[in-house]
Amino acid sequence: MSFLESFGGLALALLGAGLAVGLSCVGSAKGTGIAGEAGTGLLSQDPSKSGKVMVLQLLPGTQGLYGMVVFFFAIARMGLMGGDFNTLLGMTTATGMAYFVACMPMALGGLLSAIAQGKVAAGSINILAKKPDDWSKGLLLCGIVEFYAILSLLASMLMLLQF
Amino acid sequence: MAIVRMKKLSLLATRSQKDEILHELMRLGCVEVREQDEILSDAGMADVLTRESSDAVEWRTKKTALSEAIKLLDRYVPKKTPMLTPRPELGEAQFLDEAELESALSAAREIIALDERMRSDTAEENRQQLLIEALTPWRGFELPLETGGTRYVSMLLGTVPAAADLGALSTALTEALPESEVFEISSDENLRYLSVFCLRSGEDAAMPVLRDYGFAAPAFGAVTGSAQENIKAAQAALEKLAADKAACRSQLEQQAGNRDMIKVCFDRINTRVDVEEAAERLLKTEKAVLLEGWVSVPEIPAMEKTLSGFDCAYELTEPAEEEYGDVPVDLRNGKIVRPMNMVTDMYSLPAYGSVDPNPLMAPFFIVFYGMMMADMGYGLIMMLLSLIVVTKAKPQGATMRYMMPLMGLCGVSTFIWGALTGGFFGDLIPQLIRLFNPESTFALPALFSPLDDAVAVLIGSLILGVIQVFTGMIVSMYMKIKRGETMSALCGEGAWFLVFIIAGAGFAMGQIKIALIAAVVVLVVTQGYGKKGFGIITGIFGSLYNGITGYFSDILSYSRLMALMLAGAVVAQVFNQLGAMTGNVVTFIIVALIGNALNFALNILGCYVHDMRLQCLEFFGRFYEDGGKPFRPLKIKTQYVNVVKK
């Protein structure tokens, strides 16, 4: 406990908020990266599909945004925005740890679901290449992965709302 | 409003009127001509009947030529059509008039020929350019390049690498063959260009030395005349080619005037191809043809009226139940429900003889969409966008025709939910007011807010989910009872209804234990229905497990309604706040606009996908019988013009 106390509450809380956005963004970057890479293959054959490829590439990008929402919400609840920094430094380790934990569902859910969704999006680009009329089915497949990012967001938000 | 009834049509007509009949049927657009393989597999029939022949191949070739010409015109002489331009309209009689076809085809052929000429010109240009490049270093050499020497003297032209030591080469050559001389004509960073003169009889002695220094033949190949002359000729050829290309281009520009005509004729030929392909499915004897197909019941009177003008006999039969798999499915609904086709088409059409899901789904789809998006500002944009596109561009394509009205309907719902939650581009207005007056606590009136009443909204979404799942179960029961499977309906959905009622009552009265026992008893009694022996026990446990997990996860899935509502609202608020942090009205508006546009774009897609998932998995899963084949009647299908009936 004294080990955690040496950091102080604020640092733990900010670490949690930072990881929520940071890991979600890493996941989204990887996810959109995987999908984008698959997209270049199709676009080099058929540039007219760029709009649809972009939509599919964008789908794993929402996790980063959700992470940003949790981050923003966490620091707003802490009172970091426009609050007095010196009083914030006095945050107890227990409170800080609570913020940290509340941010974790989004951090982990965002990171891993975005990568998984990126792979599905890359597969959906294959659908777009081979069966262009059925590409919206790929959209649905991506949506199913997306739900777990939403649940992570929901869990983090429901916890943060209690602070 | 539901799945349109179909009847089987068998039509015998004289062969001479075949084309006319097919054309008339195409104008009506209510008959799908089907393949008749099973008749031909009967040996007795196959003696009399053979497949009708057609000119489909010839027309398809013409169609390819026109589409190629359209593509070429769009590439060489691109025409900017402003967005939201509706397709030009054409009367039906005018559309079916094929007088223009020949001139369109000849224009198309000319365009294709011009393109080929331009391409061969470009290839020739490249060749000449390469020649010029190869000859330029030899410019200073005035003898004709093919000279090769005199009777006693050999002249060798060639290159050595730039790094080669010319002095050493010269010395080595003189040692090997005193009667020789090397001249450097020019050099660049890679090569030195040399002419070597030696005694013809000593050439064999000179060659090994030259080779040691990397002496290689020049790049220009067989050329007659001096380098200078050849370069001049190539330049003249280049000028000629450029002029020819310019001429082609201006001719293509002239042809651009025919673009609209070619496009109309493409559509004409396309309908012609359809007619010919339908003709291929007919069977013929010497004097008669047999057409088999499906006709939609509401159009039968019109078809009978048309056919009365021909020498033909026909029979309409109701499809038998075992044929339902072959009957094509057409969904017809009113204006509000029709856009739902977008969802059903994407999923899979309902089987003939089952229920049209669109009217059942429409209220849920629209309400759910609005709930997830829930913002007055976004709703307004959707309504406006839909209104403008529908009235201005009159979209005809399969997706746009449904997508735009659907967006408008969802926009209305989004606006209403936005009014309930007090969202207008998130919290744009309160933030804006706070910029001027930091003390203001103004907020749009709201019945509830996804942030403060998160749990209440979550419960509300689950209740909506229960309602939709129950609706699905009722439909399924209705379908089973209609087919005479009353017991199956009662033991399946009926038992689960009872379980839900018992569970609800138990919770309400605090008698959870008794309710639980009662529910298990009900399920144990009913779930073995239709199974035998040991199958009863596995049936009971199987459906207990599948049922409980299935209903639970399905209903919990509706939590996304709340989650997306919250996510959308919070993202908008975050961007508004980021804008407000700049403390300046102009930057606030810029940041808030960009952020809201991003949020809008993500949400409009996200809400659609999630709404569709709820319909396709949670709702359709309860009752839907898919696998219907779409009804593809012979009708006028166009890409570039709208054909209006007059």
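The model is predicted: local features require pLDDT of at least 70, side-chain atom pairs count only at pLDDT 80 or more, and totals for chains, interfaces and linings use all residues. Residues are numbered from 1 along each chain as its sequence is written, while chains are lettered from A and ligands numbered from 1 in the order in which they are written.

Begin with chains A and B, whose contact takes 22 residues from chain A and 18 residues from chain B (residues are in contact if their C-beta atoms, placed from the backbone, lie within 7 Å). Next select H7(A), residues 135-160, which supplies 13 residues, the largest share of the side of chain A that touches chain B. Helices are DSSP runs of H or I with at least four residues, strands runs of E with at least two, numbered from the N terminus.

Proceed to H4(B), residues 56-76, and H10(B), residues 259-280, which pack at an angle of about 155° with their axes 9 Å apart. Axes are lines fitted to C-alpha atoms over the stretch in contact, and angles run from 0 to 180 degrees between N-to-C directions. H4(B) and H10(B) are therefore roughly antiparallel (an angle over 145 degrees). Among the residues that meet are B:Trp59 and B:Leu66 in H4(B), and B:Phe266 and B:Glu276 in H10(B).

Finally, select E6(B), residues 180-187, and E7(B), residues 191-199, which pair in the antiparallel sense over seven bridges (strands pair if DSSP finds at least two bridges between them). The two form a hairpin with three residues between them. Within E7(B), B:Phe197 is the bridge partner of B:Glu181.

Note on methods
Two residues are in contact if their C-beta atoms, placed from the backbone, lie within 7 Å. Angles under 35 degrees count as roughly parallel, over 145 as roughly antiparallel, 65 to 115 as roughly perpendicular and the rest as oblique.
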